[in-house]
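User: I'd like to learn how to read a ligand site and a few backbone features. Could you walk me through an example?

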Amino acid sequence: MKLLENQTAIVTGASRGIGTGIALLLAEHGANVAFTYLSSEVKAKELEAQLQSKGVKAKAYHSDASDYKASEQLVNDVLAEFGKIDILVNNAGITKDGLLMRMSEEQFDMVIKANLKSVFNMTKAIQRPMLKERKGSIINITSVVGIRGNGGQSNYAASKAGIIGFTKSVALELGSRNIRCNAVAPGFIETEMTAALDEKVVAGWREGIPLKRGGTAEDVANTVVFLASGMSSYITGQVIQVCGGMLT
Ligand code: NAP
């Protein structure tokens, strides 16, 4: 069953990892997909072609989600090309890990800007067109780390906890206009972001997860499609953990 026919979605940071998985599943459910990338141009063009081969309209945009003006421009460009925007998935994110003792001001600022300010930029830009349509679903990708904290990731955890507060506030502000805003909190999802980690450490993590495996981009994408679709029409302001039962 296709859940998103005639819908248009924007996904930030879809050139790799979880974002790619989300864009592909949205398209499989019939949604037209506009997505952004920052540096992975070749991968973005490949994904654009892959999405188009599924019979939907798709376009890659080079756009920095942490840049306020660029986000405004992106939304205007997508509206001009696609006509409307029904779904926004704020997925773009980075890590700059380190213990607080060694964390520089730059490392802190970069992560807050890329992970949290980006969500403000895109949500602010999409608000007006969604209000005009009197409908919309905004889905923010946070992390279990934003709920429970993580040593060596104080900047990342702060950015992801900030996303949760932002999500709940936007849900309160826009609920009466039929615009929903939810967050998805992945646990350990095996992507390029995590491939750089030591294999022994990763095996230990898998063992500690009740479902005994790391998650996949598709696990996260399934939840995003649910939140994007009418299947979740009475759900807003929530954080859904996709973490194999990891305790938070
Ligand atoms: P990833 O493999 O490193 O991919 C990150 C994506 O974000 C890339 O497509 C990158 O684009 C894009 N990006 C980064 N900064 C951007 C910016 N300023 N503007 C536009 N695009 C930008 O990461 P991932 O593992 O798929 O993670 C995706 C999201 O899930 C992130 O928000 C992350 O925090 C969250 N998450 C991941 C995990 C996990 O275990 N993997 C767990 C919890 C939450 P380019 O390649 O073009 O630069």
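This is a predicted model: local features need pLDDT of at least 70, side-chain atom pairs count only at pLDDT 80 or more; totals for chains, interfaces and linings use all residues.

User: Which residues come nearest to the ligand?

Analyst: The shell has 30 residues, and Ser-39, Ser-40, Asn-91, Tyr-156 and Thr-191 come nearest.

User: And which helices supply at least two residues of that shell each?

Analyst: Helix 1 (17–28), helix 6 (154–174) and helix 7 (192–195) do.

User: How do I read the polar contacts? What does the side chain of Ser-39 do, for instance?

Analyst: Look for N or O atoms within 3.5 Å of each other. An N or O atom in the Ser-39 side chain is 2.7 Å from an oxygen atom of the ligand. The backbone takes part as well: a polar backbone atom of Asn-91 lies 2.7 Å from a ligand oxygen, and for Gly-13 a backbone N or O atom is 3.3 Å from an oxygen of the ligand.

User: How much of the ligand's accessible area does the protein cover?

Analyst: On its own the ligand has 900 Å² of accessible area, and the protein covers 95% of that.

User: Let's move on to salt bridges. How many does a search of the whole structure find?

Analyst: The idea is a side-chain nitrogen of Lys or Arg within 4 Å of a carboxyl oxygen of Asp or Glu. The search turns up 10. One of them joins the side chains of Lys-135 and Asp-86, at 3.0 Å from N to O.

User: Why does that pair tie together parts that are 49 residues apart in sequence?

Analyst: Because each partner sits in its own loop: Lys-135 between helix 4 (105–133) and strand 5 (136–141), and Asp-86 between helix 3 (68–82) and strand 4 (87–90).

User: Last one, the backbone angles. What is phi of Arg-134 near, and where does Arg-134 lie?

Analyst: In general, most residues other than glycine have a negative phi. Arg-134 has a positive phi, near 55°, and lies in the loop between helix 4 and strand 5. Asn-178 also has a positive value, near 65°; its place is the loop between helix 6 and strand 6 (179–186).

Conventions:
Residues are numbered from 1 along each chain as its sequence is written. Side-chain values use heavy atoms; hydrogens and water are left out. A residue is near a molecule or strand if one of its heavy atoms lies within 4 Å of it. A polar contact is a pair of N or O atoms within 3.5 Å; within protein, one must be able to donate a hydrogen and the other to accept it, and residues adjacent in sequence count only if both atoms are side-chain atoms. Accessible areas come from the Shrake-Rupley method with a 1.4 Å probe; for residues, only the protein chains shown count as cover. Helices (H or I, at least four residues) and strands (E, at least two) are DSSP runs, numbered from the N terminus.
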